[in-house]
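Please read the following report with the sequence and the structure side by side.

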Amino acid sequence: MLGICYYPEHWAESQWAQDAKEMRELRLTYVRIAEFAWSRLEPTAGNYTFEWLDRAIDTLAAEGLKVIMCTPTATPPRWLVEQYPDMLAVDVNTGLVRGFGSRRHYDFSSEDYRREAMRISAVLAERYGTHPAIVGWQTDNELACHDTTPSASDSALAAFQRWCEARYGSIETLNEAWGNVFWSMEYPSFDSIDVPYFAVTEANPSHSLAFRRFSSDQVIKFHDEMVDIIRQHAPGRFVTHNFIPMSDTQTDNYALARNLDFASFDNYPLGRTDLFFAGADTAQFKRYMRTGHPDFSSYYFDQTRGLCQQNFWIMEQQPGPVNWAVHNPRPEPGMIALWSWVAFAHGADTVCYFRWRQAAFAQEQMHAGLKRVDNSPSAAYPEVQQVKAELDKLNIELNDPLHYRVAMVSTTTNQWVSEIEQQGQSYHHEKVEFEYYHALRLLGLNVAFVSPDHSLQDFDLVVVPTMPIISDTFIANCKATNATVVFGPRSGAKTEEFQYPRNLGPGKLQSLMPIKVLSVETLREDISETLHFEGETFHSNRWREELGVEENTEVMAQYENGKPAVVRHNNLVYVATLGCVDFTKSLLGKLAAEQGITTFILPEDVRTAERGDYRFLFNYAGEPVRIDGFEDKEFIVGSNELSAYGYAITKR
Amino acid sequence: MLGICYYPEHWAESQWAQDAKEMRELRLTYVRIAEFAWSRLEPTAGNYTFEWLDRAIDTLAAEGLKVIMCTPTATPPRWLVEQYPDMLAVDVNTGLVRGFGSRRHYDFSSEDYRREAMRISAVLAERYGTHPAIVGWQTDNELACHDTTPSASDSALAAFQRWCEARYGSIETLNEAWGNVFWSMEYPSFDSIDVPYFAVTEANPSHSLAFRRFSSDQVIKFHDEMVDIIRQHAPGRFVTHNFIPMSDTQTDNYALARNLDFASFDNYPLGRTDLFFAGADTAQFKRYMRTGHPDFSSYYFDQTRGLCQQNFWIMEQQPGPVNWAVHNPRPEPGMIALWSWVAFAHGADTVCYFRWRQAAFAQEQMHAGLKRVDNSPSAAYPEVQQVKAELDKLNIELNDPLHYRVAMVSTTTNQWVSEIEQQGQSYHHEKVEFEYYHALRLLGLNVAFVSPDHSLQDFDLVVVPTMPIISDTFIANCKATNATVVFGPRSGAKTEEFQYPRNLGPGKLQSLMPIKVLSVETLREDISETLHFEGETFHSNRWREELGVEENTEVMAQYENGKPAVVRHNNLVYVATLGCVDFTKSLLGKLAAEQGITTFILPEDVRTAERGDYRFLFNYAGEPVRIDGFEDKEFIVGSNELSAYGYAITKR
Amino acid sequence: MLGICYYPEHWAESQWAQDAKEMRELRLTYVRIAEFAWSRLEPTAGNYTFEWLDRAIDTLAAEGLKVIMCTPTATPPRWLVEQYPDMLAVDVNTGLVRGFGSRRHYDFSSEDYRREAMRISAVLAERYGTHPAIVGWQTDNELACHDTTPSASDSALAAFQRWCEARYGSIETLNEAWGNVFWSMEYPSFDSIDVPYFAVTEANPSHSLAFRRFSSDQVIKFHDEMVDIIRQHAPGRFVTHNFIPMSDTQTDNYALARNLDFASFDNYPLGRTDLFFAGADTAQFKRYMRTGHPDFSSYYFDQTRGLCQQNFWIMEQQPGPVNWAVHNPRPEPGMIALWSWVAFAHGADTVCYFRWRQAAFAQEQMHAGLKRVDNSPSAAYPEVQQVKAELDKLNIELNDPLHYRVAMVSTTTNQWVSEIEQQGQSYHHEKVEFEYYHALRLLGLNVAFVSPDHSLQDFDLVVVPTMPIISDTFIANCKATNATVVFGPRSGAKTEEFQYPRNLGPGKLQSLMPIKVLSVETLREDISETLHFEGETFHSNRWREELGVEENTEVMAQYENGKPAVVRHNNLVYVATLGCVDFTKSLLGKLAAEQGITTFILPEDVRTAERGDYRFLFNYAGEPVRIDGFEDKEFIVGSNELSAYGYAITKR
């Protein structure tokens with residue numbers, strides 16, 4: 001189904017009815033409202049002015065539209081900041097208070113703000129919880145966006161000290177866990193603990209990791225309380241949250257999502273591609289600047305689906321040029337429809353576009369909408385009509401299950417470790433994970449993202465691009481599966497408290513395979529050594545581990561000096577270096593084939609995905625392309641001749 | 001005429017007479033003094049010690065030199081800072097107080113400093129206002145240099161709140177004007193308004209624009225009061241100010257100059273070229289590193305002339321290597337003379353060199369002078385002698401009018417908008433304007449800079465490289481002219497309060513031509529699409545607007561997809577994208593030809609300008625060049641065979 | 001001899017005896033301990049817990065190991081910071097307090113900290129001064145590391161004001177010395193002087209230089225007091241300090257070392273190469289990324305030897321990948337041994353490896369040791385065994401004198417001036433000095449570093465890559481030598497107080513040679529002009545001075561325009577520009593030959609050095625290489641066929 005983000009408070013009330021009518025005519029199902037409206041809902045302390053919102057909901061409901069209501073806590077009003085100046089966070093880089101004047105100006109550790117946020121949430125939930133037009137709720141908006149998870153405020157410091165006390169029990173335990181004897185960093189008491197910023201040189205990584213865990217916990221605690229309040233007053237309504245890319249939250253997203261009915265994602269393929277591929281050369285950059293990288297949206301879709309292991313929503317879908325990337329190109333014609341279908345193919349049940357009409361003022365006035373400021377339909381409008389018409393043709397249950405034989409295991413500590421102790425500037429956790437994902441997608445494989453706590457028994461190939469801190473549960477899950485499990489470098493490289501494993505890397509993985517990481521080197525991004533695999537030569541670069549292996553360990557690939565680079569023991573494969581995409585694709589292709597998993601060799605810019613009874617084909621290239629091997633398939637949408645930026649849907 | 005900047009307080013009094021004698025022998029007319037001398041004029045509060053200045057003036061006057069007196073307010077003394085710590089500004093990026101120890105350490109919003117600055121100005125003006133040797137005054141020095149226009153001090157905040165109150169009347173009006181309903185940014189009262197810095201993410205652009213307007217007004221208010229004080233006590237003397245490049249002031253320079261007799265400019269071609277072309281490749285950079293870009297000085301000269309629509313002064317002319325650019329090369333031999341003549345050709349009545357003798361101490365000791373520290377003449381000295389001899393040969397009134405058929409319209413809001421809402425990192429307002437100017441100069445055209453308030457009736461071709469915020473006056477001026485008026489992209493893209501026009505871009509321009517900007521995309525600098533014009537192929541890049549046009553609108557150039565890129569309606573031309581220089585030159589060349597304006601196709605590094613009865617030719621190349629078509633002209637200086645870095649002057 | 005850095009407090013006491021036994025078996029002589037152990041020596045104020053240290057020393061002594069004891073003042077414990085919050089320094093860039101949580105969190109100007117640091121030093125020295133196992137002391141650790149020399153604290157400001165009072169006597173003298181009349185920067189009293197940071201634009205360079213001198217003096221004062229305390233209680237024991245690269249201390253290292261028995265150096269060839277050559281292209285960077293640049297370690301070794309004009313120690317030698325550079329590659333096999341021998345060849349008497357066993361926790365857990373975390377020997381271990389075996393074969397007194405005919409004169413003010421007044425961004429003092437050093441090493445020459453106060457009579461060729469501020473002593477030393485003395489550009493360019501010499505550059509050098517620097521230009525790094533020398537063409541770049549010379553001055557090299565670039569007068573040579581390495585090598589080769597100094601033309605990656613009766617040959621290349629001209633030499637280690645990363649030792 002399709003939906004829209006709508007801000008009635010931005011427009012004259014006289015326009016609402018016409019807007020609602022047009023939404024219905026576009027056959028939208030859902031309308032999301034109220035997420036930034038606090039100053040209009042409570043213009044001064046305790047003075048609630050919900051009447052306009054009542055009328056807005058009624059206007060939408062009158063056209064049969066279903067409403068998703070949001071808590072407005074991402075944008076506390078000015079008067080609240082005056083009342084509780086301590087609610088503002090403190091920047092961990094500059095030490096400056098992060099003030100009023102945009103959004104997300106609150107500290108997750110402020111008791112005052114937490115209380116006020118829950119109050120407004122409760123008031124809203126009480127009033128609208130059982131409203132017949134309201135089918136679900138969105139909590140806050142893009143939690144942690146703008147790097148708002150960490151704060152160096154007094155509130156955060158005090159809460160961190162109590163968090164440490166709860167985690168470690170005694171200061172001696174903390175000092176031991178962090179190795180504070182190093183550089184005489186031992187704390188005499190919990191009250192003397194600092195935030196891990198503003199030291200003369202880098203802080204103890206254990207200290208930094210503890211602060212990341214704490215900061216993540218604060219976000220989750222804040223969010224859980226809000227979910228509880230909504231559930232209390234809004235029985236039978238779903239509760240979701242619109243996530244930003246997982247690595248941007250600095251939060252354990254699996255934990256953040258645990259009380260939600262399903263996760264939602266805000267999808268901005270061009271903006272994200274512009275930032276992620278900023279260093280690409282001209283030809284590379286130009287190739288995908290108006291389509292997004294073919295694997296970039298689905299990378300986040302699959303992660304989002306993994307959060308609750310449920311089909312998900314796109315709560316915000318880019319409908320044209322945006323305003324916030326370094327450069328903001330226009331999508332190629334057809335991309336709005338293509339992106340929508342990629343979302344459905346990867347498990348979206350609903351796609352909501354952001355936003356109905358482009359704003360005429362303030363920060364996002366250069367952000368496209370389905371309608372322009374003058375109310376004319378933008379280029380995206382007919383593409384939305386097209387998607388709706390095609391959805392009708394499918395005539396299927398969209399919450400049909402997805403088909404996965406391949407899983408990727410990820411956890412937030414991967415990111416935390418690699419950011420806290422980068423060791424080589426060319427090592428970026430997310431790029432490493434994306435490279436593995438990209439290789440799997442080039443092989444035409446559906447990829448399930450799962451947390452380390454999730455059973456691996458239903459998969460045939462499990463990829464762990466990296467996992468420095470490994471839990472006992474995950475070891476047990478590995479033992480219990482017959483899948484081939486592939487580990488990338490740095491797996492098991494750290495203990496729970498960010499120490500070096502006394503048995504060397506890969507630490508706990510040594511209980512599964514008899515190898516040791518003897519040393520690690522990191523290289524500059526532009527420098528590669530050769531890597532030998534299956535008689536071919538590939539590149540080893542950025543991160544390279546020297547392995548100690550037993551004599552009879554199977555060596556699958558070798559470094560330039562003949563030493564083992566990829567080894568296998570039983571169903572476990574350990575890759576001791578980062579390699580080029582061709583290598584990763586060859587390795588995973590071989591392992592998939594051994595497990596009897598069918599791979600597809602498709603043109604370079606074509607992707608495929610399966611869902612329910614359907615197979616989807618997407619062409620990210622600017623030229624038409626013919627797909628071989630689909631001649632006898634029944635096409636519901638399109639054909640095996642994909643147009644430029646086109647797609648097709650067949651029966652599986 | 002020629003002049004010099006002189007600091008008697010830097011040298012032993014015993015040297016003054018010799019210096020004055022040599023200045024006369026060099027046939028200088030003017031000497032500028034006293035601009036940084038506050039600590040010597042008032043060593044402690046109220047203790048005036050003007051006697052040395054009296055003697056310095058007398059010494060200069062004794063040689064027939066005319067004196068320009070400066071107010072010393074750019075360098076308040078240490079004791080004043082101790083007396084009024086609140087006079088210091090606060091850095092808007094770091095929140096740190098901008099302390100004593102260099103110059104410009106004052107906040108334009110400090111009431112204490114304003115009062116003190118006017119006091120010392122009044123005392124000076126009273127004492128020297130009618131001194132027979134003093135022919136004119138310079139206010140302060142390079143107002144706004146070192147990014148001193150904005151401040152985040154308490155004084156600035158309080159003044160901004162009052163400024164908002166005066167502009168908007170009610171807080172409801174302000175909230176409406178800024179669109180503060182977006183993100184619940186509504187302010188409950190004027191006293192709750194913040195400076196638009198230190199927020200969690202970017203501030204509301206309307207808020208930022210208001211603060212820029214306010215900050216500009218503070219500079220102007222400060223300056224106007226000083227001009228009034230001088231005029232009160234110094235009847236018959238001119239008052240001027242030495243401007244830095246217009247974009248560096250963050251101030252409405254037209255307003256700042258409105259009470260002056262004429263504007264002055266501080267001209268540093270090499271330093272400015274080094275900064276402006278920092279990203280150029282080796283060959284490009286090397287080509288002009290010792291000459292300055294051929295259009296870079298005149299670009300500022302023409303702007304300076306436009307401020308008061310009067311011939312202007314060069315108050316500081318670079319005489320050799322300077323100390324403040326990233327790299328500081330030596331000018332090629334002859335460049336000091338060439339730059340001086342470029343200034344005269346573009347409307348300078350006087351060129352003053354900075355400085356008489358290189359300083360032997362403090363921050364600028366690596367900045368060349370006409371004389372070296374050991375009093376030997378530097379390389380510039382004989383070039384100044386040459387310029388003076390050539391000036392004699394012309395035997396003309398230097399305040400002769402200039403001849404303009406082409407105007408460029410510019411306003412500070414262009415810069416403010418493009419800095420506040422860049423939308424694409426490759427869009428730089430000043431580079432866009434400079435590209436248009438460069439194209440006009442390659443066509444050999446004199447260019448008048450005018451403000452949007454200026455009548456366009458006397459011109460045949462008017463170029464508006466961009467003007468996001470358009471006034472009704474400017475629309476009326478466009479309607480009243482028969483000139484071809486060319487608008488670059490983003491014109492009319494914003495309302496007065498930085499909102500998106502409800503009728504879409506180009507906003508108010510729609511009253512002149514029936515087009516709409518349907519969408520905008522920005523591209524990375526290294527990426528171009530093709531642009532079709534007059535059967536040739538050019539580049540479209542960085543900023544690209546999609547136009548909606550009526551069926552019968554003349555399409556002059558088309559995008560790669562055949563859609564309109566340049567359209568014409570009556571005498572108005574709208575260019576919807578940035579293009580390569582060749583395109584801009586071709587387009588403007590065609591439009592000029594249609595208006596019967598003669599263009600010159602000169603060698604690439606040769607420029608020409610007209611003034612009074614004379615035509616000037618300048619060769620920025622390191623090789624001699626012969627100019628065709630001037631065989632029968634009468635040459636007053638040089639010939640049609642220009643030497644390397646040479647110039648020639650003919651009768652028109 | 002060989003040694004090791006050991007942290008007993010990081011390991012279970014049960015492991016100490018085994019560690020000591022293995023150290024003995026590796027035939028290490030020295031063990032350095034206790035440098036960061038304050039929190040374990042005094043866990044709360046005045047509560048000393050030395051017993052564990054007693055036992056650790058006893059355990060080491062029982063195996064015949066000699067102990068170097070350190071003062072633990074680089075890591076004051078948390079309780080001390082709580083007691084004396086003013087002991088923390090303030091960052092001169094951000095104004096933020098530099099807090100607890102890593103190391104070096106103290107201000108050299110804090111009276112409280114100074115007193116406490118001397119107290120703990122005295123307590124330690126009293127207790128262990130005459131301990132028979134303790135043969136020497138190391139003060140603090142890497143003084144000034146992490147940019148800790150300057151501080152903008154109130155303590156530093158107050159001390160700076162008193163320092164100024166002592167240096168200048170009257171505020172009038174200071175104002176005159178600094179040229180504060182410029183920009184009215186005159187201070188009314190010493191109490192009104194600021195730190196030279198946080199001003200609106202750059203501070204007066206004289207002010208900045210004074211603050212650098214002051215900051216350096218504070219480090220030296222702190223250190224001298226500590227040395228005195230140790231000497232008082234530890235008769236007959238040596239006192240040394242482990243220096244970081246000289247340019248990183250921001251301190252006058254000659255003065256800092258003056259009370260030491262010898263200087264020590266912490267040698268990290270790969271980390272330092274990674275940082276120093278960060279801008280190199282792929283091929284250049286890859287070439288030395290696992291060996292370090294062939295001249296980079298010896299560059300610092302020769303400087304370290306120069307500090308006390310004594311053979312020196314390597315207190316910390318990189319044993320594998322480190323953790324702190326941008327990228328951290330593994331050394332090529334054999335490099336640990338090669339680096340050790342380079343140190344011995346250049347005057348090291350002892351090489352200590354950092355550290356015995358890789359730390360399992362905290363900031364440096366990715367820093368290799370001789371043993372891995374699991375106690376297995378790392379790749380470096382057998383190389384240390386090899387070095388020890390080879391040391392035995394030499395059977396020589398390692399404190400044999402070195403043989404120098406070439407000296408390089410350097411002083412910290414070179415660096416201070418070039419950092420304070422860069423004039424061209426491509427001018428880096430240390431790169432300039434390194435280029436000269438590199439050229440001398442390519443010629444196979446041993447290079448003695450000496451301070452300007454050191455006699456030059458024992459040398460035949462003296463190279464002064466730059467020396468903006470020249471003392472009268474140095475002028476006298478130049479007059480007293482028959483050596484050829486080569487000066488690089490900018491020599492004599494400043495007075496003692498950072499003014500421009502009234503007689504122009506090269507200032508005081510004009511008493512030795514009749515030349516004047518008429519002007520200076522700086523160019524971007526990628527831009528060169530030609531330089532003519534001995535009939536060949538080279539490059540002149542970055543810094544170029546125009547010289548005024550007398551008619552009969554010998555011009556050795558000319559600029560592209562024929563003007564003098566290198567001139568000679570008597571035994572003095574002045575090089576007015578920076579040139580390419582080939583030029584510098586050709587020039588110095590010619591001058592060496594004229595003095596009868598034998599140069600060696602060796603393969604590009606081979607270096608040689610002499611010490612005592614031995615000549616050393618080192619091959620930094622990955623291929624074996626045969627050295628001609630050594631066929632009849634007696635080889636103690638290796639042969640004239642050097643293996644990849646191999647070395648050889650012959651009788652001289």
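A salt bridge is counted where a side-chain nitrogen of Lys or Arg lies within 4 Å of a carboxyl oxygen of Asp or Glu. One such pair joins the side chains of A:Arg607 and A:Asp295, with 2.6 Å from N to O. This is a predicted model, in which local features need pLDDT of at least 70 and side-chain atom pairs count only at pLDDT 80 or more, whereas totals for chains, interfaces and linings use all residues. Residues are numbered from 1 along each chain as its sequence is written, chains are lettered from A and ligands numbered from 1 in the order in which they are written, and side-chain values use heavy atoms, with hydrogens and water left out.

**Inside chain A**

Chain A is divided into domain 1 (2-150 + 203-394), domain 2 (157-192), domain 3 (406-594) and domain 4 (606-651), with bounds that come from an automatic or database domain assignment. The C-alpha centres of domain 1 and domain 4 of chain A are 31 Å apart, and the contact (heavy atoms within 4.5 Å) takes 24 residues from domain 1 of chain A and 15 residues from domain 4 of chain A.

The size of an interface is often given as the accessible area lost when the parts come together. Buried area here is the accessible area, found with a 1.4 Å probe, that two parts lose on being put together, summed over both. Domain 1 and domain 4 of chain A bury about 1700 Å² between them, and 62% of this is on carbon and sulfur atoms. Within the area that domain 1 of chain A buries against domain 4 of chain A, 34% is supplied by A:Leu338, A:Ala345 and A:Leu394, more than by any other three residues.

Across this interface of domain 1 and domain 4 of chain A there are two salt bridges. There are also ten residue pairs in polar contact between domain 1 and domain 4 of chain A, with both residues at pLDDT 80 or more; a polar contact is a pair of N or O atoms within 3.5 Å, where within protein one must be able to donate a hydrogen and the other to accept it, and where residues adjacent in sequence count only if both atoms are side-chain atoms. Helices (H or I, at least four residues) and strands (E, at least two) are DSSP runs, numbered from the N terminus. On the side of domain 1 of chain A that touches domain 4 of chain A, the elements giving two or more residues are α13 (335-345), β9 (348-353) and α14 (380-394) of chain A, and α13(A) gives the largest share, seven residues. By class, that side of domain 1 of chain A has eleven nonpolar, eight polar and five charged residues, where Ala, Val, Leu, Ile, Met, Phe, Trp, Tyr, Cys and Pro count as nonpolar, Asp, Glu, Lys and Arg as charged, and the others, Gly among them, as polar.

**Between the chains**

The table sets out two chain interfaces.

| Interface | Residues in contact | Buried area | Share on carbon and sulfur atoms |
|---|---|---|---|
| chain B and chain A | 52 residues from chain B, 57 residues from chain A | about 4600 Å² | 54% |
| chain C and chain B | 52 residues from chain C, 56 residues from chain B | about 4600 Å² | 53% |

In chain C, the residues that lose the most area to chain B are C:Trp183, C:Val200 and C:Arg524, which together make up 18% of what that side buries.

Chain B and chain A have six salt bridges between them, and one salt bridge joins the side chains of B:Glu521 and A:Arg290 at 2.8 Å, N to O. On the side of chain B that touches chain A, β14 (515-522), β15 (528-533) and β16 (536-549) of chain B each supply at least two residues, and β14(B) gives the most, with six residues. The residues of that side of chain B divide into 21 nonpolar, 16 polar and 15 charged.

For chain C and chain B the count is also six salt bridges, and here the side chains of C:Glu186 and B:Arg40 meet in a salt bridge of 2.7 Å, N to O.

**How the copies are related**

Two copies of a chain are related by a rotation about an axis and a shift along it. Chain C can be laid on chain B with an RMSD of 0.0 Å by a turn of 120° and a shift of 0.1 Å along the axis, which is the relation of a three-fold axis. The superposition is by least squares on the C-alpha atoms of residues with pLDDT of at least 70 in both copies. Of the residues of chain C, C:Thr94 comes closest to the rotation axis, at 4.6 Å for its C-alpha.
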